[in-house]
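Here is a short briefing on one protein structure. Keep the sequence and the 3D view open as you read.

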Amino acid sequence: MTKDGSRFIVEMQKAEQAYFKDRSLYYSTFAIREQAPKGQRWDYHLDSVYTVGVLNFEFRDDEYPADKYRHEVKLKDVEDNHVFYDKLTFVYLEMPKFNKSEDELETMFDKWMFVLRNLSRLLDRVFDKLFRQAEIAKYSDAERRQYEASLKEYWDYNSTMDTAFGKGMEKGIKEGMEKGIKEGLEKGKEEANRSTALRMKLRGFSLEDIAAITSLPLDEIEKM
């Protein structure tokens, strides 16, 4: 939360999800509804809420041009295109589209994108460190927040699994061959297993348990 009361939800999304937009909108409502004071009169005044998504994938079906990787979304009137409500904003960064070299950086935004793009391979290590710090510090969040965090973990896991298997099936159908279908399903299963292994590792499961559940080699899990 900023000094003026604006609230920010920032996520780094590694895996594509079939209902990513629905999920993004759903979690934005948490920062809205928590503004209602309990046991007090209220005039429904809301502070601004911003959802920022750093995406390691591209939106499907060529929704945006190949050279457009920053998208700012607001509630607009479909007839005259004016901003109907300016306190709810979604900003998405499609990181795979940003391919500028260090010599091509012109603006401060370019520089930030360059940093984020090249730090993507280190995200697993960063997240692991953050989770360990949170566990050591023993943050005392409210029970509702803990419950919502658990739901988020569960739904993200299932959504990623469904999307991974769906992408594998799509690959098989497009190839139109039995071999293609088999390879597509195997690839989807591998992606799902890697995603499961990463989440289990961040949650503190032993490497042996992770290997037993996902069938991944221990050395591959260690490198995550």
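This is a predicted model: local features need pLDDT of at least 70, side-chain atom pairs count only at pLDDT 80 or more; totals for chains, interfaces and linings use all residues.

Four strands form an open sheet with mixed pairing. The salt bridges number nine. Three of them are described one by one below.

**The sheet**
- The strand order is β1-β2-β4-β3.
- β1 (7-13) and β3 stand at the edges. Each has a single partner strand, so one side of each has no neighbour in the sheet.
- On average, neighbouring strands are turned by 20° against each other, direction ignored.
- Strands of a sheet pair through backbone hydrogen bonds, either parallel or antiparallel.
- β1 and β2 run parallel and are joined by seven bridges.
- Q13 stands opposite L55, which belongs to β2.

**Salt bridges**
- E11 and R23 meet through their side chains, at 2.9 Å from N to O. This pair links distant parts of the chain: E11 is in strand β1 and R23 is in helix α1, 12 residues apart.
- Are E11 and R23 buried or exposed? E11 counts as buried because its relative accessibility is 15%, under the 20% cut-off. R23 has 8%, so R23 is buried as well.
- K100 forms a salt bridge with D110, and their closest N and O atoms are 2.9 Å apart. K100 sits in the loop between β4 and α2, while D110 is in helix α2, 10 residues apart.
- K100 is partly exposed at 28% relative accessibility. D110 is buried, with a relative accessible area of 4%.
- R194 forms a salt bridge with E220, again with closest N and O atoms 2.9 Å apart. R194 lies in helix α5 (residues 178-202) and E220 in helix α7 (residues 218-222), 26 residues apart.
- R194 is partly exposed at 37% relative accessible area. E220 is partly exposed too, at 25%.
- R70, E72 and K74 are linked in a network of salt bridges.

**A nonpolar surface patch**
- M108, W112 and V115 make a nonpolar surface patch of about 340 Å².
- V115 lies in helix α2 (residues 108-119). Its relative accessible area is 37%, so V115 counts as partly exposed.

**Two loop residues with positive phi**
- Y44 is not a glycine, yet its phi is positive, at about 70°. Y44 is in the loop between α1 (20-33) and β2 (49-55). Y44 is exposed, with a relative accessible area of 65%.
- N81 is also a residue other than glycine with a positive phi, near 70°. N81 is in the loop between β3 (70-76) and β4 (83-94). At 51% relative accessible area, N81 is exposed.

Terms used: Residues are numbered from 1 along each chain as its sequence is written. Side-chain values use heavy atoms; hydrogens and water are left out. Buried means under 20% relative accessible area, exposed over 50%, partly exposed in between (1.4 Å probe, protein chains only). Patches are made of residues with over 30% relative accessible area and no salt bridge: like charges are joined within 9 Å, nonpolar side chains (Val, Leu, Ile, Met, Phe, Trp, Tyr) within 5 Å. Accessible areas come from the Shrake-Rupley method with a 1.4 Å probe; for residues, only the protein chains shown count as cover. A salt bridge is a side-chain nitrogen of Lys or Arg within 4 Å of a carboxyl oxygen of Asp or Glu. Two strands pair if DSSP finds at least two bridges between them. Axes are lines fitted to C-alpha atoms, for helices over the stretch in contact, and angles run from 0 to 180 degrees between N-to-C directions.
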